[in-house]
Amino acid sequence: MFFSSKPKGFFVEVTDHAVTLARTSSPVAPMVIEELRRCPVGDEGALSEALAVIQPKNNPSGFLNACCATYPAKRFIRRASLELKRLKEPAYLPELFSTQFRVDPEKYTIHIINAVDGSDYDFANAVQKDVLFCGLPSDDVVAVQDQLLSSGFFPDALELGTVSVLGGLVDYLAFTKSKAPTLVLEVGTDTTHTYIVSAAGVEASRLIPQGLDAMIPIVQKELNLKDEESAKKLFYSNTFNFTGMGPLLVKRLLKELQSSIGFYEVQTGQSVSQVLCTLVPEKLGWLEGAIAGALGISATKLDLAPWLQARQVTIADGALKGPLDASWLGLVSLMGNKPIDSNAVAPAKKD
């Protein structure tokens with residue numbers, strides 16, 4: 001008689017700056033996170049080393065089968081309030097995409113979920129009007145899969161990392177009984193995805209057409225550098241502390257954020273009181289504090305361990321090198337998206 005070992009869970013998050021990997025004792029909770037690894041994008045040596053630690057020893061395919069989250073540049077996550085009476089009109093949703101969001105529905109793969117709890121939208125019994133449209137250009141789906149395969153990953157499931165992060169944060173705010181609406185920023189090179197979330201769900205979304213690269217000319221001018229390329233290299237390096245220059249660098253972005261926050265606060269009567277910047281590399285860690293200070297709100301402090309324990313996810317001793325900070329939210333939110341195995345025994349709670 002042969003006894004098969006319990007299947008492991010594998011999770012991968014790929015951003016513009018880093019690849020983060022995890023192996024867990026089970027594909028679904030209850031689970032123990034046995035290994036965690038992070039390496040810079042483009043560092044093939046570091047990725048090979050991480051894969052050697054994470055993946056099964058006997059793996060004839062050579063690929064790590066994993067639940068993968070990515071952040072395609074043209075990802076589309078927008079909140080909207082549906083006109084329920086018009087849902088049966090064939091032209092209604094295509095019209096909404098093209099007029100309100102400037103998206104060609106013929107060229108995009110789009111999924112609709114409830115803005116409150118992230119569940120699939122039920123068109124047969126449509127009673128909830130607040131939804132999130134989540135998607136990306138159909139051509140990019142293939143490109144993302146090819147990118148993952150070239151890195152050694154075979155996606156058992158492929159998710160937009162933004163959706164996982166927002167879902168995880170909403171659940172975290174509910175778990176901590178937080179009443180604070182939180183501004184979430186995904187600051188990219190040329191765009192900034194903004195969301196306002198609370199324990200009640202995703203309450204607002206907006207795409208701002210400026211990002212980190214808009215700060216480069218300011219760096220060049222303020223430091224009297226010869227060209228923008230020199231400014232860019234300095235900006236993305238670890239050789240200069242931009243904390244003092246932060247308020248000036250975020251000034252343009254700040255105007256757009258103040259506009260979004262002001263509109264939300266007038267509409268809801270609630271005040272945004274904290275901000276969380278995701279996807280920002282560690283060397284640009286000053287950015288969140290600069291934005292928070294300029295807006296007069298606080299930077300979000302996450303205590304993820306109790307929340308994960310409540311979701312029956314624990315971390316093995318020695319698996320994490322460093323703090324369990326917000327940079328891990330995307331990866332661990334993938335684990336929280338999986339249904340709990342009701343037949344399994346929860347791992348022992350760690351002191």
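1. On a 1 Å grid over the protein atoms alone, a cavity is a set of points where a 1.4 Å probe fits but cannot get out, and lining residues have an atom within 4 Å of a point. Grid points are joined across faces, edges and corners, and a volume is the space filled by probe spheres set on the points. By this rule there is one cavity of 30 Å³ or more. The largest cavity has a volume of about 40 Å³. Its lining consists of Gln210, Gly211, Ala214, Met215, Ile218, Leu249, Arg252 and Leu253.

2. A note on the source. This is a predicted model, in which local features need pLDDT of at least 70 and side-chain atom pairs count only at pLDDT 80 or more, while totals for chains, interfaces and linings use all residues. Residues are numbered from 1 along each chain as its sequence is written, and side-chain values use heavy atoms, with hydrogens and water left out.

3. The sheet. Helices (H or I, at least four residues) and strands (E, at least two) are DSSP runs, numbered from the N terminus; two strands pair if DSSP finds at least two bridges between them. Six strands make an open sheet with mixed pairing, in the order β8-β4-β1-β2-β3-β14. β8 (153–160) and β14 (313–315) are the edge strands, each with a single partner strand, so one side of each has no neighbour in the sheet. On average, neighbouring strands of this sheet are turned by 30° against each other, direction ignored.

4. Pairing around β3. Strand β3 (residues 31–40) pairs with β14 in the parallel sense over three bridges. Ile33 stands opposite Ile315 of β14, and the bridge partner of Val32 is Thr314 in β14. β2 and β3 pair in the antiparallel sense over seven bridges, and they form a hairpin with six residues between them. Thr20 has Arg38, in β3, as its bridge partner.

5. Helices on the sheet. Contact means heavy atoms within 4.5 Å; axes are lines fitted to C-alpha atoms, for helices over the stretch in contact, and angles run from 0 to 180 degrees between N-to-C directions. Helix α11 (residues 329–336) lies across β1, β2, β3, β4, β8 and β14, and runs at about 140° to β1.

6. Helix α2 (residues 92–100). Buried means under 20% relative accessible area, exposed over 50%, and partly exposed in between (1.4 Å probe, protein chains only). The buried residues of α2 are Tyr92, Leu93, Leu96 and Phe97. They lie on the same side of α2, because they cover an arc of only 135° around the axis, the arc being that of the directions from the helix axis to the C-beta atoms. Their cover includes β5 (76–81), β6 (108–114) and β7 (130–137). Arg102, which follows α2, has a positive phi, near 55°.

7. The largest pocket. A pocket is an open set of grid points with protein on both sides within 12 Å along at least five of seven lines. The largest pocket holds about 1100 Å³ of space. Of the 37 residues that line the largest pocket, Arg38, Val280, Pro281, Glu282 and Ser327 are the closest to its centre. β2, β3, β12 (274–278), α9 (286–295) and α11 each supply at least two residues of that lining.

8. Gly336. This residue is in helix α11. Gly336 is partly exposed, with a relative accessible area of 48%. Its C-alpha atom is separated by 26 Å from that of Phe123, 213 residues apart along the chain.
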